[in-house]
Structures are given as structure tokens and as C-alpha cells.
Amino acid sequence: FLTLALAQGFAQARLLESALRVATRLTHYRDPETRGHLDRMARCSRLIARSLAPDHGLSDEFVESTLRFAPLHDIGKIAVPDHILLKQGPLTSAEFEVMQTHVLKGVEIVEGILSELDLGAISHLDMLRNVVHFHHEAVDGSGYPQGRRGSEIPIEARIVKVADVFDALTSRRPYKRAWTVEDALSYLTGGAGRQFDPDCVAALVSHADE
């Protein structure tokens, strides 16, 4: 029975990995610029998680799951219309409201994948849900969709938020230049305690060379 249970668990884990790869590719196809961004911010998320692990009691499995799940934080953007998602410039207030819907759309997509493939029993799936649901929350409560504050925001979502913003700032886009690492870290440090978790920012700053 133990051998059968292990085999079933391994098969489910492989199925989940395949589903996550397909979901990530969908976001790549919608916006080719996101591919490098997702790969980089995922590695940056793992870097932050690994740095925080000793003080926050994060396991090796948590750290590696951060790498796996971080690229899916914006999966809901596949439901955002192209004229908003691919707009090369600032969004209007109305467009930003539509863009914000990608969070709950992402939650729906993730839950649909897990339900259809019957993967609900796999460990650490709450991490995936939390990354998708809460990566736009701010520690001062000014974020969305729930306006959570501080430790009310799961640590994995706080990690991904910092990694996501850092890579977005340091990446060139048609409508913006790439910031230097120093300027991006300065911006994050200035927002620590308001937009960003101070420990996550400090972890990134401490690994600036990497």
C-alpha cells in the first residue's frame, strides 16, 4: 500500500508540473515580453525565500515551491483584453480597474486546473493560491483585492511582490528604460513598510551582487 501511495503521489506531482508548465506558456504566448520576466522574477523569488528561510522557518520545499509557483502570479492576465494588457503607456483609471480583475480571474483559473485534474491533495498548493491571490497586496493595506496588511499577507505573496517589481523596474519596455539595480533597490527600500515587506526588501538588498 505504501508503494502504491508513493506512486500515486509521484504521478500527481508530475501532472501538476505539466499543468503549471502549460499555464505558464499561455502567459508567454499572450505577451512574449513576459517570458524572460517570469523566469527572472521566479529565480529572484527563490533568492529572497532562501535568504529569509532561517529566520522565518521556511523549509527547503517552501523555497523550491516559490520558484515553481512564482511564474503563475499573473496567470489571470490571459483574461485581460489585449488593448489593455499590451498597451504601451499608462492605463486610464477605467483600464486599471479592468487590469485589477486579473487577480480573481487567476484564482479561478488555478482552482479550475486543480479541480479538473483532481490535484487538491498535493502539498503546498495553498502557496500557489496565495501567490496568485495576494501578490498585489501592500503591507500598509493600500493594495488589492482585499486590502490586507502586514502579516495578514502570506509570506510567499510578499516575496513574489518584491521580486516582481524589482524585475519589472530593471527590465526595458517599449514605454520605459531599464532602471539600474541600484535605482530599483533604492525604490524598493523607499517603499519598505508601505508597499513592500521590509524583510523581503532587505533580503534582496543583501544579495544585490547576485
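# Helix contacts and salt bridges in an all-helix model

The axes of helix 3 (residues 60–69) and helix 7 (residues 125–134) come within 10 Å and cross at roughly 50 degrees; axes are lines fitted to C-alpha atoms, for helices over the stretch in contact, and angles run from 0 to 180 degrees between N-to-C directions. That angle makes helix 3 oblique to helix 7, where angles under 35 degrees count as roughly parallel, over 145 as roughly antiparallel, 65 to 115 as roughly perpendicular and the rest as oblique. This is a predicted model, in which local features need pLDDT of at least 70 and side-chain atom pairs count only at pLDDT 80 or more, while totals for chains, interfaces and linings use all residues. Residues are numbered from 1 along each chain as its sequence is written, and side-chain values use heavy atoms, with hydrogens and water left out.

**Overall make-up**

- The protein has ten helices and zero strands; helices (H or I, at least four residues) and strands (E, at least two) are DSSP runs, numbered from the N terminus.
- Of the 210 residues in the protein, 41% are buried (buried means under 20% relative accessible area, exposed over 50%, partly exposed in between, with a 1.4 Å probe and protein chains only).
- Among contacts between residues at least 6 apart in sequence, 64% join residues at least 24 apart, a contact being heavy atoms within 4.5 Å.

**Helix 3 against helix 7**

- Helix 3 contributes Phe62, Ser65, Thr66 and Phe69, which meet Leu125, Met127, Leu128 and Val131 of helix 7.
- By class, this contact of helix 3 with helix 7 has six nonpolar, two polar and no charged residues (Ala, Val, Leu, Ile, Met, Phe, Trp, Tyr, Cys and Pro count as nonpolar, Asp, Glu, Lys and Arg as charged, and the others, Gly among them, as polar).

**Salt bridges**

- Eight salt bridges are found in a search of the whole structure, each a side-chain nitrogen of Lys or Arg within 4 Å of a carboxyl oxygen of Asp or Glu.
- Arginine 46 and glutamate 64 form a salt bridge through their side chains, at 3.3 Å from N to O. Arginine 46 lies in helix 2 (residues 34–56) and glutamate 64 in helix 3, so the pair ties together parts that are 18 residues apart in sequence.
- Both partners are partly exposed: arginine 46 has a relative accessible area of 23%, and glutamate 64 has 38%.
- Arginine 50 pairs with glutamate 210 in a salt bridge whose closest N and O atoms are 3.9 Å apart. This pair links distant parts of the chain, 160 residues apart, with glutamate 210 in the segment after helix 10 (198–206) and arginine 50 in helix 2.
- Glutamate 210 is exposed at 65% relative accessibility, whereas arginine 50 is partly exposed at 45%.
- A salt bridge of 2.8 Å, N to O, joins the side chains of arginine 158 and aspartate 197. Arginine 158 is in helix 8 (residues 155–169) and aspartate 197 in the loop between helix 9 (181–191) and helix 10, 39 residues apart.
- Arginine 158 counts as buried at 14% relative accessibility, and aspartate 197 is buried at 8%.

**Cis peptide bond**

- The peptide bond from tyrosine 144 to proline 145 is cis, with omega near 15 degrees.
- Proline 145 lies in the loop between helix 7 and helix 8.
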